[in-house]
Amino acid sequence: MLPILARGASADLANDPATAAALTDQLRAAASRLEPLAALKIEKVAFCTNEPAGFGRFVQRPTANHYRPNERVHFYLELRNLGHQLTPDGFLTHVHGAVRDAKGNVVAQLATDDHRRAPVVKFEKRFVTRSPLQDFYVWYAFSAPPAPGVYTIHVQLSDASGRRTVSTPADRACEFNVAGP
């Protein structure tokens, strides 16, 4: 990477877009080799108003808007350094996860079609794409608890091998409020 950086430092990139593009491609190639070795990182966590339309395409729920008992909660996370595996069908991006409450109990995910609790509470996301994914997000829906109060959830994600794991940072508590009926 040092030759790439040295070339970039000495080039007039503002007036040479072809060189800038070539250096960008070289840096991306270097990053794609490092990404599967780097620690997983949760970039963003947010409660949102409904299911996200894609990476970064969600409406964040204002913290002042408390949930009603048993209301559907939508939780969004952005993950970096996940990497992918090359398959005959394309590029496989694969993550395992679990959402837990403050006591360590797994929070049951809701089925996507209605408000039924899904039978499997630990989730697995598998995506096969024609190009490697650069941006990756996880969305999780669950039912707010029936009793009013302040609740905290923690998320743990791991890559397909299970060797790289990340949890929501302690300094960014994932708290939400449930108001009385």
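A nonpolar core is a set of buried Ala, Val, Leu, Ile, Met, Phe, Trp, Tyr and Cys residues joined through side-chain atoms within 4.5 Å. In this predicted model, the largest such core has 26 residues, and Phe47, Phe75, Leu79, Phe142, Ile153 and Leu157 touch the most other members. At least two core residues come from each of β1 (41-48), β2 (72-80), β4 (90-101), β6 (136-143), β7 (149-159) and β9 (174-178). In soluble globular proteins, nonpolar side chains tend to be buried together.

Read from the N terminus, the order is α-α-β-β-β-β-β-β-β-β-β. Of the 181 residues, 36% count as buried. Among contacts between residues at least 6 apart in sequence, 69% join residues at least 24 apart. The protein chain exposes about 10,800 Å², and carbon and sulfur atoms supply 53% of that area.

Leaving aside residues up to four places away in sequence, Ile153 touches Phe47, Phe75, Val99, Arg100, Asp101, Val107, Phe142, Thr168, Cys174 and Phe176.

Aromatic rings come next. The structure holds 10 aromatic pairs. One of them joins Phe47 and Phe75, whose ring centres are 4.9 Å apart with 55 degrees between the planes, a tilted arrangement. Because Phe47 lies in strand β1 and Phe75 in strand β2, this pair ties together parts that are 28 residues apart in sequence. Both partners fall below the cut-off for burial, which is under 20% relative accessible area: Phe47 has 12% and Phe75 has 1%. The rings of Tyr140 and Phe142 also form a tilted pair, with centres 6.3 Å apart and planes at 45 degrees. Tyr140 and Phe142 are both buried.

Ring pairs link Phe47, Tyr67, Phe75, Tyr140, Phe142, Tyr151 and Phe176 into a cluster. One of its members, Tyr67, also has a charged neighbour: the charged end of Arg61 sits over the Tyr67 ring, 3.7 Å from the ring centre.

The strand pairings of β7 can be followed one partner at a time. With β4, strand β7 runs antiparallel and is joined by 7 bridges; here His96 stands opposite Ser158 of β7. With β9, the direction is antiparallel and the number of bridges is 5. In that pairing, Tyr151 has Phe176 of β9 as its bridge partner, and both residues belong to the aromatic cluster.

Strand β8 (residues 165-167) is another partner of β7, antiparallel over 3 bridges. Thr165 in β8 is the bridge partner of Ser158, the residue that His96 stands opposite. The hairpin of β7 and β8 has 5 residues between the strands, and Gly162 in this hairpin takes a positive phi near 80 degrees.

A last stop is Val106, in the loop between β4 and β5 (122-129). Is Val106 buried, partly exposed or exposed? Burial requires under 20% relative accessible area and exposure over 50%, so Val106, at 28%, is partly exposed. Its C-alpha atom is separated by 9.6 Å from that of Val155, a residue 49 places away along the chain.

Conventions. Residues are numbered from 1 along each chain as its sequence is written. This is a predicted model: local features need pLDDT of at least 70, side-chain atom pairs count only at pLDDT 80 or more; totals for chains, interfaces and linings use all residues. Side-chain values use heavy atoms; hydrogens and water are left out. Buried means under 20% relative accessible area, exposed over 50%, partly exposed in between (1.4 Å probe, protein chains only). Helices (H or I, at least four residues) and strands (E, at least two) are DSSP runs, numbered from the N terminus. Contact means heavy atoms within 4.5 Å. Rings of Phe, Tyr and Trp (its six-membered ring) pair if their centres lie within 6.5 Å; planes under 30 degrees apart count as stacked, over 60 as edge-to-face and the rest as tilted. A charge sits over a ring if NZ of Lys or CZ of Arg is within 6 Å of the ring centre and within 35 degrees of the ring normal. Two strands pair if DSSP finds at least two bridges between them. Accessible areas come from the Shrake-Rupley method with a 1.4 Å probe; for residues, only the protein chains shown count as cover.
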